[in-house]
Amino acid sequence: DAARGTNLQFMVTCWYPAPPQGGRVPASYVGGLLASNLDYFPYISRFLPRSRVASFAAHASVGAPLATNLSLWPVVLYPANVNFHRRDNLMLVEELASHGFVVVGLDHRDTPGQVFPDGTLVLGEGFQPSGDAMFEPERCEYLADAQFVLDQLAQWQSTDSLLAGHLDLAHVGAFGFGFAGSTAANLANADARCHAAADLEG
């Protein structure tokens, strides 16, 4: 979207604290169209057989109820790294959710592949910098994506059927690795709504 200097749409996933429930089936690590198109994720398919990756399960389940032992839950943004996916570092994301954080992972225009709610597979453009000057527009775009998610969080706090009234927007942080680690730091520096950042590597 030229108006805000970034792509018009991208996918997010929200992980959140949930009460223990027997019989729930764990979600797939990469499911549906992405599982059958792992060529879009060469960093995965280069090391593991596609059939194994498609069978991986997460430690979270889809549609679980929100835990009720607290009324407000702090929020952490997890922007995906360049040419990576919001489910990378899923272990850390699920760990944070299990300790009482709502974690919002977001893809970007260069994410190799995203599946939208209507089932459409959207392929990323890929970011292949040919010089240092190309990083500044990418930095601004990643920051704009993260700030757009912050805008949406304010709407979720009022309208979302699960999270409305339960997001502690006074305690918002971000973390990432690689280029997205700098995105987390840039967000905390540029936007007063983000109060903490962790750069895992980058």
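A search of the whole structure, a predicted model, finds 3 aromatic pairs. A pair of aromatic rings is described by the distance of the centres and the angle of the planes. Y78 and F175 form a stacked pair. Y78 belongs to strand 2 (residues 73-79), and F175 belongs to strand 6 (residues 167-177). The pair therefore ties together parts that are 97 residues apart in sequence. Y78 has 0% relative accessibility and so counts as buried. F175, at 6% relative accessibility, also counts as buried.

Y142 and F179 form another aromatic pair, in this case edge-to-face. The distance is 5.1 Å centre to centre, with 85 degrees between the planes. That angle is over 60 degrees, which means that the pair counts as edge-to-face. Y142 lies in helix 5 (residues 135-159) and F179 in helix 6 (residues 179-190). Because the two residues sit in these two helices, the contact ties together parts that are 37 residues apart in sequence. Both Y142 and F179 are buried.

The protein has 6 helices and 7 strands. Along the sequence, these elements follow the pattern β-α-α-α-β-α-β-β-β-α-β-α-β. Of the 202 residues in the protein, 43% are buried.

Salt bridges were examined next. The count comes to 4 salt bridges. In one of them, the side chains of R86 and D107 meet at 2.5 Å, N to O. This pair links distant parts of the chain. R86 is in the loop between strand 2 and helix 4. D107 is in the loop between strand 3 (102-106) and strand 4 (113-115). The two residues are 21 residues apart. R86 has 5% relative accessibility, so this arginine counts as buried. D107 is at 0% relative accessibility and likewise counts as buried. Both values fall under the 20% cut-off for burial.

A salt bridge also joins the side chains of R109 and E141, at 2.5 Å from N to O. R109 is in the loop between strand 3 and strand 4, whereas E141 is in helix 5. The pair links distant parts of the chain, 32 residues apart. R109 counts as partly exposed, at 31% relative accessibility. E141, in contrast, counts as buried, at 6% relative accessibility.

The side chains of R193 and D151 meet in a salt bridge of 2.7 Å, N to O. R193 lies in the loop between helix 6 and strand 7 (196-201), and D151 lies in helix 5. The pair therefore ties together parts that are 42 residues apart in sequence. R193 is partly exposed, with a relative accessible area of 32%. D151 is partly exposed too, with a relative accessible area of 37%. D151 and R193 are linked with D191 in a network of salt bridges.

Cysteines were considered separately. A disulfide is a covalent bond between the sulfur atoms of two cysteines. The search of the whole structure finds 0 disulfides. C14 counts as partly exposed, at 24% relative accessibility. C140 also counts as partly exposed, at 36% relative accessibility.

The largest pocket holds about 1,000 Å³ of space. A total of 38 residues line this pocket. The closest to the pocket centre are W15, A27, A60, S61 and V62. Strand 1 (12-15), helix 1 (32-35) and helix 4 (90-98) are the elements that give two or more residues to the lining. Helix 4 gives the most, with 6 residues. By class, the lining has 23 nonpolar, 10 polar and 5 charged residues.

Terms used. Residues numbered from 1 in each chain as written. Predicted model: local features only at pLDDT ≥ 70, side-chain atom pairs only at ≥ 80, totals over all residues. Heavy atoms only, no water. Phe/Tyr/Trp six-rings, centres within 6.5 Å; stacked < 30°, edge-to-face > 60°. Helix = DSSP H or I, 4+ residues; strand = E, 2+ residues; numbered from the N terminus. Buried < 20%, exposed > 50% of the residue type's maximum accessible area, 1.4 Å probe, protein only. Disulfide = S-S within 2.5 Å. 1 Å grid on protein atoms, 1.4 Å probe; cavity = no way out; pocket = protein on both sides within 12 Å on 5 of 7 lines; lining within 4 Å. Points joined across faces, edges and corners; volume = space filled by probe spheres on them. Nonpolar A, V, L, I, M, F, W, Y, C, P; charged D, E, K, R; others polar.
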